[in-house]
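Take a walk through this fold, from the overall layout down to single side chains. Keep the sequence and the model side by side.

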Amino acid sequence: MAEPVRLSGWVHGTVQGVGFRWWTRSRALELGLTGYARNHRDGRVHVVAEGPRDRCETLLDLLRSGNTPGRVTLVVEDWSTAQGGMTGFEER
């Protein structure tokens with residue numbers, strides 16, 4: 001099995017107050033990923049997900065799909081080695 005990775009995605013657009021974090025959590029749990037989705041004051045949502053690379057890529061594709069709550073205009077991604085220590089997927 002491949003080493004787990006960490007996806008850090010900054011989601012831009014109308015993504016607060018529309019159920020976006022709940023939707024992201026649901027998709028991540030379906031994919032068996034751990035992590036969180038957190039609102040930031042500037043209107044972005046920071047999504048951190050850890051697990052197999054292909055599943056993290058699927059989550060990234062879903063975030064960019066146009067089928068999310070609200071309206072995503074941009075997702076800036078960063079990849080690194082998984083740090084571990086997270087269980088489940090939280091809305092923060």
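**From fold to side chains**

The chain has 2 helices and 5 strands. Helices (H or I, at least four residues) and strands (E, at least two) are DSSP runs, numbered from the N terminus. In sequence order they give the pattern β-α-β-β-α-β-β. This is a predicted model, in which local features need pLDDT of at least 70 and side-chain atom pairs count only at pLDDT 80 or more, while totals for chains, interfaces and linings use all residues. Residues are numbered from 1 along each chain as its sequence is written, and side-chain values use heavy atoms, with hydrogens and water left out.

Start with the overall dimensions. The C-alpha trace spans about 35 × 20 × 20 Å along its principal axes. For 92 residues, a compact globule would have a radius of gyration near 12 Å, and the chain agrees, with 12 Å. That radius is taken over C-alpha atoms, and the globule rule is 2.2 Å times the number of residues to the power 0.38. The accessible surface comes to about 5100 Å², and 46% of it belongs to carbon and sulfur atoms. Accessible areas come from the Shrake-Rupley method with a 1.4 Å probe; for residues, only the protein chains shown count as cover.

How much of the chain is buried? Buried residues make up 38% of the 92. Buried means under 20% relative accessible area, exposed over 50%, and partly exposed in between (1.4 Å probe, protein chains only).

Now turn to helix α1, residues 20-30. Its buried residues are Phe 20, Trp 23, Thr 24, Ser 26, Arg 27 and Ala 28. What do they pack against? Their partners are β1 (5-14), β2 (34-39), β3 (45-51), α2 (53-63), β4 (71-81) and β5 (89-91). Just after α1 comes Gly 32, with a positive phi of about 75°.

Strand β3 holds Glu 50. Is Glu 50 buried or exposed? At 6% relative accessibility, Glu 50 counts as buried. Beyond its neighbours within four places in sequence, Glu 50 is in contact with Val 5, Arg 6, Leu 33, Thr 34, Cys 56, Ala 82, Gln 83, Gly 84 and Met 86. Glu 50 and Met 86 are 36 residues apart along the chain, yet their C-alpha atoms are separated by 8.4 Å.

Follow the contact from Glu 50 to Cys 56. Cys 56 lies in helix α2. Its relative accessible area is 0%, so Cys 56 is buried. Residues up to four places away in sequence aside, Cys 56 touches Val 5, Leu 7, Leu 33, Ala 49, Glu 50, Gly 51 and Trp 79. His 12 is another matter: 44 residues from Cys 56 in sequence, and 18 Å away in space, C-alpha to C-alpha.

Helix α2 also carries a charged pair. Arg 53 and Glu 57 meet in a salt bridge (2.9 Å, N to O). A salt bridge here is a side-chain nitrogen of Lys or Arg within 4 Å of a carboxyl oxygen of Asp or Glu. The two residues lie 4 apart in α2, about one turn of the helix. An α-helix has 3.6 residues a turn, so residues three or four places apart point the same way. Arg 53 is partly exposed, with a relative accessible area of 37%. Glu 57 is partly exposed too, at 33%.

The structure holds 6 salt bridges. In another of them, Glu 77 pairs with Arg 64, with the closest N and O atoms 2.8 Å apart. This pair links distant parts of the chain: Glu 77 is in strand β4 and Arg 64 in the loop between α2 and β4, 13 residues apart. Glu 77 is partly exposed at 33% relative accessibility, and Arg 64 is partly exposed at 41%. Asp 42 and Arg 44 also form a salt bridge (2.8 Å, N to O).

Finish with the rings. The charged end of Arg 53 sits over the ring of Trp 79, 3.9 Å from its centre. Arg 92 lies over the face of Tyr 36, at 4.0 Å from the ring centre. Such a charge has NZ of Lys or CZ of Arg within 6 Å of the ring centre and within 35 degrees of the ring normal.

Conventions:
Contact means heavy atoms within 4.5 Å.
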